[in-house]
Each structure stands twice: as C-alpha cells, then as structure tokens.
Amino acid sequence: MTSFETCNEANPVVTKETRDVEPAHFVLKIKSFSLFAENKIEKHESGEFEAGGYKWKLILYPNGDKSQDVGDHISIYLAFSGSSPLQLGGPIHVAVRFSLYDQIRDKFFTEQERVTRFHAFKAEWGVPRYMPLQTFRDRSNGFLVDDTCVFGAEVFVIKSSAVGECLTLKKTTSYTHEWNICRLSSLGDIYLYSDAFTAGDYKWKVLLYPRGDSACRGENLSAFLSLVDSDKLASGQKVNAEYAIRLKRQCEEVQSKVATSWFSSSKFEWGWRSFMPLKTVCKCQTNDSWLIEAEVKVLGTTSKLP
C-alpha cells in the first residue's frame, strides 16, 4: 500500500497511520464515486452527527476544493452545524481526525489528530489537500474498490479547565502625598492612617506604626502603603504599583525606601516592618515634627479572563 503525507499552506505536514478500529463518530460510505465527476457534483455535505455535545457535518470535495485552488486532491472539512459557536457561549476547541477505509486490508487509514478552534467567524475547518486523487484511485491502495469508498471523522471537544488572566499595562504619572505628624516619638503602641489620596485611578493611604507593628514593636517604626476599598476589587484582580515612602524632618530626608508590589483584596498592604530604628526617631525629640511622603505610580493591573 502507498503511504503518503498531506500538507498545505495553512497546515504542517501530517503523517497518517493505519488502525483496525472504525471512526468513533461518523462514517460516510459513497457508492458510484465516479459519478461525482460525471454529474459535475463538486461538493457533498453529509447529514448531521453529534460529538462532544454539538452537531457537525462532514463536507467532501471529491475533485478538490476549487476555492482553494485545489484540483488534484480530495478535500475534506468538518463543519459546525446548527447554532453559531458564539451563540453557545464562545469558541469551541476540538481535536479532529479524518480517516479513509482500506477495503483490501480491512484497515482505517487515519491521520494524526489536529486541534482547531471553531467560533463565529470560523464554522468550518479541514484539509484542502487531504489525499492525492492518483493515490485514492489506485486500486492497490484499497481506498476506491468497485467505485465505492468510506470516509470517517472523529471529533473530540476539548473541555478546558484552564484559567487565565489579562495583564493591562498603565501609562500613568506618579503622585506624591504629604502627611505631617507632630510628636512622633511620643506616640504609643497605636497605628495611624493618613488621609486617602488618588494615584492611577485608585485610592491609597499610608499606614504608620510609630512604635512598630506586632513583629518589631519597640524596635522599629513600621510604614506601609494600603490600597483603599480593596474589597471592591473583582476576584483575581490585582494592581501593580511602584511606591516610595520617605520620612523627612526640617526638610531633610532621614529615611526613604522604594518597592514594587501587587495589591489585591487579600494582600492590600505592602511596606516595611523595619522602616527605621526607633532610636533614630528618639534622637530627634528636640524637633519632633515629621513629614511623611508617599509617592505612588500604578504600573498595571491584572484580571481574570472570562
């Protein structure tokens, strides 16, 4: 039997193989195949068949799909039948496998499956150069015997459970918020929030623990950037921000730190537990008025793909 490979501009070379099992979803038996040419029938559409919960049709061009400039091969296609894939909720991913019955050896000559996607603008897919007509008509290959042949199709719908996200980069300018605090060194084991300010269409606050948060209380001043209304973010939504927090006294910068973090409904505060040692704060008791600057620039956001 002659072995061959099929190839066209839109598809890579695909090797075919033989097997004993007939196609799982549809078989098209054609008698008097030569009458296609004699009666000038260029195209045949099969009846509907079901696979993966959807309805399909097999389309055959016995003397080549002329719209694809094919005249020396059999062309074969799978077509979505019924409602548009868009009406059914979006694209449908399928693995397709066409076959041709070798009647002499009782084998199905089957190509390796190929994965494609059907959607509103692509309701038909196939192989314009499925098999050379010369190979098909050669009786020793067993495909056309007594002017009869049998084509087959298998359609496996891929039910994807994959999740995805969309990254949207933002072109924004940074915003700097100033916060004045008096008698910083005398404040006890409390925490303070600045007024809310807007940067990159989101609202933020600075969170300050004058004597450190629970992890470093009594040792360091802790400073964080907090995303306001983080509970209003959609599931899976995150905001990427580059931010700096600076501590100044008498217009001189005493401490400054910079970071980039992803803010979400579950992680809405980022910063530094050990922003500055308390002993540095205590040294400045003679003039205990401080200016805290927060500079924020939103770099992008992510959201779940539907």
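## Strand 19 and its neighbours

Strand 19 pairs with strand 22 (residues 289–304) in the antiparallel sense, and the pairing runs over eleven bridges. Within this pairing, A241 has V298 of strand 22 as its bridge partner. The model described here is predicted.

Strand 19 also pairs with strand 20 (residues 252–263), again in the antiparallel sense and over eleven bridges. Here K248 stands opposite E253 of strand 20. Is strand 19 buried or exposed? Ten of the twelve residues in strand 19 (residues 238–249) are buried, so the strand is largely enclosed by the rest of the structure.

## The chain as a whole

The chain has 306 residues, and 45% of them are buried. Its secondary structure consists of three helices and 22 strands.

Among contacts with a separation of 6 or more, 65% join residues 24 or more positions apart. The chain exposes about 16600 Å², and carbon and sulfur atoms supply 46% of that area.

## The nonpolar cores

The largest nonpolar core holds 35 residues. Which of its residues touch the most other members? They are W56, F98, F136 and F151. Several elements give two or more residues to this core: strand 3 (26–31), strand 5 (49–51), strand 6 (54–61), strand 7 (73–81), strand 8 (92–102), strand 11 (124–132), helix 2 (133–137) and strand 12 (148–157).

## Contacts of F151

F151 shows what such a position looks like in detail. Leaving aside residues up to four places away in sequence, F151 touches F26, V27, L28, I30, L58, L60, I74, I76, S99, L100, Y130 and F136. One of these, F136, is itself among the residues that touch the most other members of the largest core.

## Cysteines

A disulfide is a covalent bond between the sulfur atoms of two cysteines. How many disulfides does a search of the whole structure find? The search finds zero.

C149 has a relative accessibility of 0%, which is under the 20% cut-off, so C149 counts as buried. C166 has a relative accessible area of 31%; this value lies between 20% and 50%, so C166 is partly exposed.

Methods: Residues numbered from 1 in each chain as written. Predicted model: local features only at pLDDT ≥ 70, side-chain atom pairs only at ≥ 80, totals over all residues. Heavy atoms only, no water. Core = buried A, V, L, I, M, F, W, Y, C linked by side-chain atoms within 4.5 Å. Buried < 20%, exposed > 50% of the residue type's maximum accessible area, 1.4 Å probe, protein only. Helix = DSSP H or I, 4+ residues; strand = E, 2+ residues; numbered from the N terminus. Contact = heavy atoms within 4.5 Å. Pairing = 2+ DSSP bridges. Disulfide = S-S within 2.5 Å. Areas by Shrake-Rupley, 256 points an atom, 1.4 Å probe, with all protein chains shown as cover.
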